[in-house]
Structure formats: C-alpha cells, structure tokens
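Dear colleague,

Please find below the structure that I am handing over to you. My notes on it follow directly after.

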Amino acid sequence: MKLKLQRWIHLNMTVIGGFLGGFAILNHHDLFGSAQTSNLISIAMDAAGHPDSDLLFRVIGLGFYIMALALTVILPKYTKIPMKSFSLAVDAAAVLIIGLLPSDLNDFIALYPLFFAMAIQWCSFPGADGFTASSIFSTNNLRQFITSLTEYICSRDPKALLKWKFFGKVLCFFHIGVIMSCLSCRHFGISGAWICFLPILSGILLVQAEARRVALKHALGRLYIACRRASLLSGLS
C-alpha cells in the first residue's frame with residue numbers, strides 16, 4: 001500500500017511537470033520552464049561575446065531557480081514545513097500567476113514562477129519504488145526506460161523489468177500532462193494554465209493520504225511500545 005501510494009503521488013506530479021513544461025513551450029516561444037540547461041548555455045555564450053538582449057532576464061531567471069533549489073535544503077533543516085505540501089502550494093501559486101500574466105510580457109519574466117516552482121517540485125518529489133525519477137523533465141527518464149528494457153531483453157533480469165515498467169509509466173504520465181496542456185491552451189489560451197489545478201488538487205489529496213498513513217503508523221508504533229512497557233511492568237510486579 002505504501003509503495004503504491006508513493007508511486008501514484010509521483011505519477012501525479014509528473015502530470016503537473018508535463019503540463020507546465022508544455023505550457024511554457026506553447027506560450028513562450030519554445031522556452032522550457034522546467035530546466036536551466038539551455039539558459040546556462042545561452043549565458044555562457046553571452047560571456048563569450050554572443051549578443052543577447054535577454055541576458056539580464058536569463059540571469060535573474062537562473063537566480064530564481066537557484067534560490068528554489070537552496071530552499072529545498074534550508075526549509076527541512078530549519079522548519080517543520082512538509083516539503084511535498086509546500087511544493088504543491090508553490091505549484092498552485094505559480095499556476096495562478098502564469099494564467100494572469102499578459103501574453104505580451106517578456107518570455108523569461110513570464111517563466112519566473114515556473115522556474116521557481118519546478119525547482120521546488122524536482123527536489124520535493126525525487127521518485128518512487130526505489131527509483132530516482134524527475135517529475136519535471138524526461139531525458140534521464142527516457143534513458144532509464146530504454147536501458148532497462150534493453151537489459152531485460154539481454155538478461156531477463158526481473159529487476160530490469162520492474163524498472164522498465166516504472167519509467168514507462170513516468171514517461172506516459174508526463175506526456176499525458178503535455179497533451180492536457182496543449183488542449184487547454186488551444187481552447188482557453190493563457191488562462192488554460194488553470195486546468196493544471198486539477199492534477200494539483202489530486203496531488204494534494206494523495207499527499208494528505210500519505211501523511212495520514214504515516215501518522216497512523218507512528219501512533220500504532222507508540223501504542224505498541226506502551227503496551228510492551230505495560231506488559232513488562234506487570235510481569236515485574
């Protein structure tokens with residue numbers, strides 16, 4: 001039950017990652033709001049003398065991403081904020097904001113909420129079933145899918161089969177999110193971003209279910225320890 005719940009939480013988050021990644025590409029000139037590889041490459045090219053009028057906006061966007069990554073380390077160390085719930089709240093705020101922004105806003109500025117939210121999500125939902133899998137982009141997930149499938153064909157290793165199935169599901173759900181984004185934007189434009197509130201809501205419900213399960217497990221553990229102590233004391237008397 002625990003593994004299934006973790007798996008469904010992660011698959012739900014990949015839908016959100018796919019939706020917001022698709023939204024960024026569709027509405028902001030093919031810019032991907034979930035990663036920084038192309039942004040870092042462009043900044044390096046700028047440093048080498050390549051002209052780019054958006055350099056300042058790129059650097060600020062990188063700053064948002066870095067700040068979010070740092071927060072995923074700081075918050076668990078110094079607060080009791082549950083990171084999964086925090087990530088979903090940040091996702092919800094980002095979705096609300098991007099659906100309100102004017103369509104002619106500079107593309108990098110429009111992506112700042114996604115830079116921040118996706119970095120938080122990436123670190124807050126690292127994977128499931130014992131596998132590390134990104135919920136916000138697909139390159140490594142595709143690699144794991146192909147290599148585990150090839151390994152299974154070559155060796156018939158059942159662990160490789162389990163890995164292949166898991167990463168296949170992750171890729172499938174991610175691109176379901178992309179398709180949802182495409183259809184939402186086609187019919188509703190920028191405000192189609194708000195359709196993402198649906199997987200965010202289901203994510204909240206799943207995370208709450210997981211929290212209740214953990215709380216119940218801890219309560220039963222404390223009850224068991226109390227019963228054992230009472231039994232020992234009665235035996236001594």
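A nonpolar patch, as the term is used here, consists of residues with over 30% relative accessible area and no salt bridge, whose nonpolar side chains are joined within 5 Å. In this model, which is predicted, Leu96, Leu100, Trp194 and Phe197 make such a surface patch of about 370 Å². Trp194 sits in the loop between helix H7 (158–188) and helix H8 (197–236), and its relative accessibility of 32% makes it partly exposed.

Three salt bridges were found in a search of the whole structure. In one of them, Asp129 pairs with Arg7, with the closest N and O atoms 2.7 Å apart. Because Asp129 lies in the loop between strand E1 (127–128) and E2 while Arg7 belongs to helix H1, this pair ties together parts that are 122 residues apart in sequence. Another joins Glu210 to Lys84, the closest N and O atoms being 3.1 Å apart. This pair also links distant parts of the chain, with Glu210 in helix H8 and Lys84 in helix H4 (residues 83–98), 126 residues apart. Glu210 is buried at 14% relative accessible area, whereas Lys84 is partly exposed at 26%. Asp52 and Arg58 form a salt bridge as well, with a closest N and O distance of 2.7 Å.

Ser135 may also interest you. This residue is located in the loop between strand E2 (131–132) and helix H6 (139–155) and is buried, with a relative accessible area of 0%.

Yours sincerely

Terms used. Residues numbered from 1 in each chain as written. Predicted model: local features only at pLDDT ≥ 70, side-chain atom pairs only at ≥ 80, totals over all residues. Heavy atoms only, no water. Patch = residues over 30% accessible without salt bridge, like charges linked within 9 Å, V, L, I, M, F, W, Y side chains within 5 Å. Areas by Shrake-Rupley, 256 points an atom, 1.4 Å probe, with all protein chains shown as cover. Salt bridge = Lys/Arg side-chain N within 4 Å of Asp/Glu carboxyl O. Helix = DSSP H or I, 4+ residues; strand = E, 2+ residues; numbered from the N terminus. Buried < 20%, exposed > 50% of the residue type's maximum accessible area, 1.4 Å probe, protein only.
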